[in-house]
Amino acid sequence: MNEAVERLVDLRWPSQVKSAYDVVIIGGGGHGLATAYYLATRHGITNVAVIEKGYIGSGNSGRNTTIIRANYGIPEAVRFYQHSLEMYGRLEQETGRDVMHATKGLLWIAHSEAGVRQERARAEINTAFGSKTEYVDPKTIQDICPQLDMTGQGVWPIYGASYHPSGASARHDRVVWAYAEGAMRLGVHVHQRTAVTGFLRDGDRVVGVETTAGSIAAGVVVSAVGGHVTTLASMVGLRLPIRTHQLQAFVTNRYAQAFGPIVASSGLGVYASQPAKGEMLIGAEIDRAPAYAYDAGHSFLRSCAFRSIALLPFLRDLRVLRQWTGVCDMSADYSPIMGFTGVPNLLVTTGWGTWGFKAIPAGGEQMAELIATGRTPALIAPFALDRFANDRTMADRGSAGTH
Amino acid sequence: MTIRRLRISCPHCGVRAVEEFVHGEIPTIPEGIVEPEARDLDRAFMHTNAEGVVVERWFHAFGCRRWLTLARDTRTNDIPDNRG
Amino acid sequence: MHAPERLHCTRIVATPTALDTAAWPGGAVVLRVAADEALVAAPVELDVVSDPHAIVEPETAFCGVWVEVEEALAFLERECDWELPTERPAFAQGAVAGLPVKLWFAADGDDRVLFVVPAPFVVDFVERWS
Ligand SMILES: Cc1cc2nc3c(=O)[nH]c(=O)nc-3n(C[C@H](O)[C@H](O)[C@H](O)COP(=O)(O)OP(=O)(O)OC[C@H]3O[C@@H](n4cnc5c(N)ncnc54)[C@H](O)[C@@H]3O)c2cc1C
Ligand SMILES: [Zn+2]
């Protein structure tokens, strides 16, 4: 669909903040809005407010590189992300909105024997738990992506790759708007430019939030604040296995040719794809020191450009157009944290780090089910916060590291 | 967007880009956590992750290979006592 | 630039005062890599420093190359984004071409710069000159 002719999103902003809601969701990113959307559409729960301190999508949901994939390294994650990937495939039909979803296929490249073993293992575990990934040889890699330098500039030779044909992308802000529109149409309140500054308590229980627009009582409060989750949790004395790290990305000017797949390399720590407008979109790893700042750096650009050129030499002739930063809620085991917190009536969805855009549909759907039923759905039970106390961490760094 | 800036002044080597240093967190377990098991859990997984000023360590890997201790504001990446 | 060659150095860890007052072998290049550590580009006797607890060990993990000052500065102009010392002789260390490099600017009259690079990075270092 042509961007210019699509009808405008019909966002029905509430005229005022009510003094009480059944559910208050803090954070108008993809996860908060999708949770509200599924509460309304699947469970008929519409007395819901989403409280957003900036504008919707101003956090990581509007800053990411939009890669959707399910090729994770542990069974629980493969199942969860595969479900989310399938939900993305139906999202346009479900919301009636063009979110520019496109299936592209994803190559995850190995530059060493160890890398080959890892990509073979990924293919095996994906296949075993319901996703599609196969191991491919250099010849096939070249067919899929002729622009790759198979010698890796002599330093990063390409030995093989795992290929995930269902790897996809979607336009991030359209996803945010589609969920917001659908939720608001059913009566959900989304309050922008309103920050949560504290919690209302009754003994241990959380019974509402303090905001810059006054206090709001709530039956259930959900934290969906991305990188700021520790700050919020500390207001109720809750400690989390989260560190907030900056993640940067950049886009180049238009590359005249079509670049089909998404290409990632753990060895080089970079990944690249081409959005619909034709630029090249490139991302890398988080910055080492935890931070909440949005500054962007030249040395990141230099090193990331250097590494991506080793993979895709044509990038040398392009120019960097824009560079930006998000602040990511990195969990200790590189898996998400969803559900109960131990503080009565306070739920959390976090640990989305550098990988949570693909999880927005399933994360929202499952959190909504948990709120509506009071029980943790089986799909997300492994990702409960108490796994850290129970020696059940979901370690999957090799799959979540960058995108 | 502001262009980065985070530079650290090493007393031995001079002012250098942050990329020359390895970051080290100083773990802090709140005193309110008293039970040994709870302290172990906190030590293993939890982080103060302050949105504000943190005191932390930096190892000058590209230079003198010594540790510095500095306060940094994580909201701005400003190191108030260490302007380069 | 020629390829850097293996340096036969001595690494000395001792109190700062002991290092300040040491009688180094004549003509040897002494790189003061930290307040309590020196890298001397020559064999050194155990007793050159007065600190009884000093550690004095042969160190062969570095390679070095002397470069004419003009050529060196042209390279550093491109590959080094921190401030270089202006006095001579002088020692400096930090990221050069993204690698951990130590620099020795020889005394006035000897217009050369010694580049010292950890041996594993020599290949990358040479590549950055081309
Ligand atoms: C550069 C970059 C690239 C990425 N690439 C990918 C990718 O390719 N694929 C992928 O799957 N994931 C990717 N991610 C990760 C993904 O963007 C996030 O995991 C995801 O967007 C998280 O959504 P969220 O709703 O949890 O958080 P956010 O979108 O960050 O939303 C949180 C919201 O909470 C608000 N908020 C915070 N504090 C308060 C408060 N006190 N009161 C009220 N509101 C508050 C914020 O303003 C923000 O709008 C990337 C991230 C970055 C930064
Ligand atoms: Zn130093």
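Reader: Which domains of chain A supply the shell around ligand 1?
Author: Domain 1 (16-64 + 172-241 + 332-402) and domain 2 (102-165 + 243-330) of chain A each give at least three residues to the shell. The domain bounds come from an automatic or database domain assignment.

Reader: Before we go on, what are the ground rules?
Author: This is a predicted model: local features need pLDDT of at least 70, side-chain atom pairs count only at pLDDT 80 or more, and totals for chains, interfaces and linings use all residues. Residues are numbered from 1 along each chain as its sequence is written, chains are lettered from A and ligands numbered from 1 in the order in which they are written, and side-chain values use heavy atoms, with hydrogens and water left out.

Reader: How many residues surround ligand 1, and which are the closest?
Author: There are 39 of them. A:Glu52, A:Asn60, A:Ser61, A:Thr65 and A:Lys358 are the closest. A residue is near the ligand if one of its heavy atoms lies within 4 Å of it.

Reader: What is the make-up of that shell?
Author: 15 nonpolar, 20 polar and four charged residues. Ala, Val, Leu, Ile, Met, Phe, Trp, Tyr, Cys and Pro count as nonpolar, Asp, Glu, Lys and Arg as charged, and the others, Gly among them, as polar.

Reader: And polar contacts?
Author: Those are pairs of N or O atoms within 3.5 Å. A polar side-chain atom of A:Ser61 lies 2.6 Å from an oxygen atom of ligand 1. A backbone N or O atom of A:Phe357 is 3.0 Å from a ligand oxygen atom. For A:Ile51, a backbone N or O atom lies 3.5 Å from a nitrogen atom of ligand 1.

Reader: How much of the ligand's accessible area does the protein cover?
Author: 97% of the 1,000 Å² that ligand 1 has on its own. Accessible areas come from the Shrake-Rupley method with a 1.4 Å probe.

Reader: Which elements give two or more residues to the shell?
Author: Helix H1 (30-43), strand S13 (242-254) and strand S17 (320-331) of chain A. Helices (H or I, at least four residues) and strands (E, at least two) are DSSP runs, numbered from the N terminus.

Reader: Switching to chain C. What is the strand order in its open sheet?
Author: S3-S4-S2-S5, four strands with antiparallel pairing. Two strands pair if DSSP finds at least two bridges between them. Strand S3 (30-34) and strand S5 (55-59) of chain C each have a single partner strand, so one side of each is left without a neighbour in the sheet.

Reader: How many bridges join S3(C) to S4(C)?
Author: Three, with strand S4 covering residues 37-40 of chain C. C:Ala34 stands opposite C:Glu37 in S4(C).

Reader: And the chain B sheet?
Author: Three strands, also an open sheet, in the order S3-S4-S5 with antiparallel pairing. Strand S3 (21-24) and strand S5 (67-73) of chain B are the edge strands. Strand S4 (residues 53-60) of chain B pairs with S5(B) over seven bridges. B:Phe59 has B:Trp67 in S5(B) as its bridge partner.

Reader: Cis or trans, the peptide bond from C:Arg88 to C:Pro89?
Author: Cis, with omega near -10°. C:Pro89 is in the loop between helix H2 (69-79) and strand S7 (90-96) of chain C.

Methods: Polar contact = N/O pair within 3.5 Å; in protein donor to acceptor, adjacent residues only side chain to side chain.
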